[in-house]
Amino acid sequence: MINLAFDPAAERARFEARQAFLGRQAALRLDLAEGVTFQPETAESVQDQVVETLWAEGMTLDSAPAEDVAEARASFAVLAPRRESAGCSVAATLMLGFPDAIRNRRLAALHTFPDQLFLELADGTLAAPAVDRGTAGPEDRLPSVLALRYLIPDGGTPVALVSNHAEAPGRWPAPAAWSHWLS
């Protein structure tokens with residue numbers, strides 16, 4: 001266990017050490033609408049989530065028992081990019097954050113939105129997501145954080161994110177940083 005006493009210098013050093021990573025993550029992100037964010041996941045972001053989870057529990061990769069590290073890695077494995085027989089499988093986190101006064105109404109209206117959030121590939125085809133809804137909210141409400149996984153065929157290049165959902169239609173061009181998403 002590490003000392004959980006707040007050390008401003010140590011916290012500042014951790015913050016500064018993460019700036020390049022956070023910049024790379026920000027370059028991947030798409031803000032689709034007020035309260036709707038699409039964040040591609042990478043091997044680096046999955047590793048960061050493992051490290052931050054252990055840190056929140058007062059441990060580091062070096063100080064944590066092997067079973068705690070294994071548990072943290074397993075809990076975020078669903079987000080890790082992986083090679084599959086037909087191509088590269090990548091994940092993104094869809095975050096739906098709305099003020100309390102409208103949260104339930106917006107989540108109800110967007111219930112099928114994640115299933116209709118396609119990756120448009122350079123050849124014009126659309127890659128449909130496999131949606132991991134996690135734990136549903138009250139009355140089977142859409143959760144505020146979901147994992148989406150896309151299979152990109154070999155040679156496929158995402159050029160946009162496309163939604164045909166009535167509550168949130170749109171086409172958002174892929175940021176240049178997405179070229180690193182598949183690597």
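1. Start with His-165: its side chain makes a polar contact with the side chain of Thr-112 at 3.2 Å (a pair of N or O atoms within 3.5 Å; within protein, one able to donate a hydrogen and the other to accept it, with residues adjacent in sequence counting only if both atoms are side-chain atoms).

2. A caveat before going on: this is a predicted model, where local features need pLDDT of at least 70, side-chain atom pairs count only at pLDDT 80 or more, and totals for chains, interfaces and linings use all residues. Residues are numbered from 1 along each chain as its sequence is written, and side-chain values use heavy atoms, leaving out hydrogens and water.

3. His-165 sits in the loop between strand 9 (158-163) and strand 10 (170-173) (strands are DSSP E runs of at least two residues, helices H or I runs of at least four, numbered from the N terminus). His-165 is buried, at 6% relative accessible area (buried is under 20%, with a 1.4 Å probe and protein chains only). Beyond four places in sequence, His-165 touches Ala-109, Leu-110, Thr-112, Phe-113 and Gln-116 (heavy atoms within 4.5 Å).

4. On to the largest nonpolar core, which has 29 residues (buried Ala, Val, Leu, Ile, Met, Phe, Trp, Tyr and Cys joined through side-chain atoms within 4.5 Å). Among the residues touching the most other members are Leu-32, Phe-38, Leu-96 and Tyr-150. Strand 4 gives the most to this core, with 5 residues.

5. There's also a second, separate core of 11 residues, including Val-50, Leu-54, Met-59 and Val-69.

6. Lastly, Phe-38, Tyr-150, Trp-178 and Trp-181 form one aromatic cluster (ring centres within 6.5 Å, taking the six-membered ring of Trp).

Note on methods. Rings of Phe, Tyr and Trp (its six-membered ring) pair if their centres lie within 6.5 Å; planes under 30 degrees apart count as stacked, over 60 as edge-to-face and the rest as tilted. Buried means under 20% relative accessible area, exposed over 50%, partly exposed in between (1.4 Å probe, protein chains only).
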